[in-house]
Amino acid sequence: MRWLRLKFLQGSRQHRGRIRAWLARHPRVTALLERGGSLHFDEFALARGVSLGLFVGLTPTVGIQTAMMIVGSLAFRANFPAAFVVSFVSNPVTMAPLYYGFNRLGQWMMSWLPMPRAASRTLGDAIAEETVATLIGSMGVAIPAAIVGYFGFLWLWRRLGLHLPIRKAPGQERPASDREPRA
């Protein structure tokens, strides 16, 4: 279990470096996120960030995902870097299979709706129906994935026994229980 914990922390260091570089290139976004509390690193803010990243990453919103995550992280006080990293569940390699699956699921879900079907359809009607099916299917995947992501992250955090270091002001003494035993 210790090995897994060390591997997790090593991978998170690499992601933190990339995220810090991106935030350094965008100082206005960084200031906005700091004021909104979206750069806080407690386990609940991270879990909200994972949930938000899964939700946005599993919706067909290519091109506006970062803006949606910024707004969502400010609204829900979610950790933006966690949302940003997790949103890459949808990337150029996985996008086509995801969208195809969303469309098929949406069509299956729409078949259960009591909607009248037109006998003759124009090209615009067909495109609109496929778009709605894709949106419905993506919501059918994104909402449960976001819920499972939130609780799954909290469970994994506690299962691995991860703890963020407690930062004290300079000169403050650590409690006796936090001190390391001397040999």
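The chat below goes through a predicted model of one protein chain.

Biologist: Before we start, what are the ground rules for this predicted model?

Modeller: Local features need pLDDT of at least 70 and side-chain atom pairs count only at pLDDT 80 or more, while totals for chains, interfaces and linings use all residues. Residues are numbered from 1 along each chain as its sequence is written, and side-chain values use heavy atoms, with hydrogens and water left out.

Biologist: Fine. How many helices and strands does the protein chain have?

Modeller: Seven helices and zero strands. From the N terminus on, the elements run α-α-α-α-α-α-α. Helices (H or I, at least four residues) and strands (E, at least two) are DSSP runs, numbered from the N terminus.

Biologist: And what share of the residues count as buried?

Modeller: 30% of the 183 residues. Buried means under 20% relative accessible area, exposed over 50%, and partly exposed in between, with a 1.4 Å probe and protein chains only. The chain exposes about 12,500 Å², and carbon and sulfur atoms supply 65% of that area. Accessible areas come from the Shrake-Rupley method with a 1.4 Å probe; for residues, only the protein chains shown count as cover.

Biologist: What about contacts between residues 24 or more positions apart?

Modeller: They account for 76% of the contacts with a separation of 6 or more. Contact means heavy atoms within 4.5 Å.

Biologist: Next topic. Which residues touch the most other members in the largest nonpolar core?

Modeller: Leu 23, Leu 33, Leu 52, Met 69 and Phe 80, in a core of 13 residues. The elements giving two or more residues to this core are α1 (2-25), α3 (43-57), α4 (65-76) and α5. A nonpolar core is a set of buried Ala, Val, Leu, Ile, Met, Phe, Trp, Tyr and Cys residues joined through side-chain atoms within 4.5 Å.

Biologist: What is Met 69 in contact with?

Modeller: Leaving aside neighbours within four places in sequence, Met 69 contacts Leu 52, Val 56, Phe 80, Ala 83, Phe 84 and Ser 87. Apart from that core lies another, of ten residues, among them Val 50, Leu 54, Trp 157 and Leu 162.

Biologist: Val 50, then. Where is Val 50 found, and is Val 50 buried or exposed?

Modeller: Val 50 is found in helix α3 and is buried, because its relative accessible area is 14%. Val 50 and Val 148 are 98 residues apart in sequence, and their C-alpha atoms are 9.9 Å apart in space.

Biologist: How do α6 and α7 pack?

Modeller: Helices α6 (95-111) and α7 (residues 123-160) pack at an angle of about 95 degrees, with their axes 6 Å apart. That angle makes α6 roughly perpendicular to α7. Axes are lines fitted to C-alpha atoms, for helices over the stretch in contact, and angles run from 0 to 180 degrees between N-to-C directions. Under 35 degrees counts as roughly parallel, over 145 as roughly antiparallel, 65 to 115 as roughly perpendicular and the rest as oblique.

Biologist: Which residues of α6 and α7 meet?

Modeller: On the α6 side they include Tyr 99, Phe 102 and Asn 103, and on the α7 side they include Glu 129, Thr 134 and Val 141.

Biologist: Is Thr 134 buried or exposed?

Modeller: Thr 134 counts as buried, because its relative accessibility is 14%. Not counting residues up to four places away in sequence, Thr 134 touches Pro 60, Tyr 99, Phe 102 and Asn 103.

Biologist: And Phe 151, buried or exposed?

Modeller: Phe 151 is in helix α7 too, but counts as exposed, because its relative accessibility is 52%.

Biologist: Last one. What is the phi of Arg 77?

Modeller: Positive, about 55 degrees, although Arg 77 is not a glycine. Arg 77 lies in the loop between α4 and α5 and counts as partly exposed, at 43% relative accessibility.
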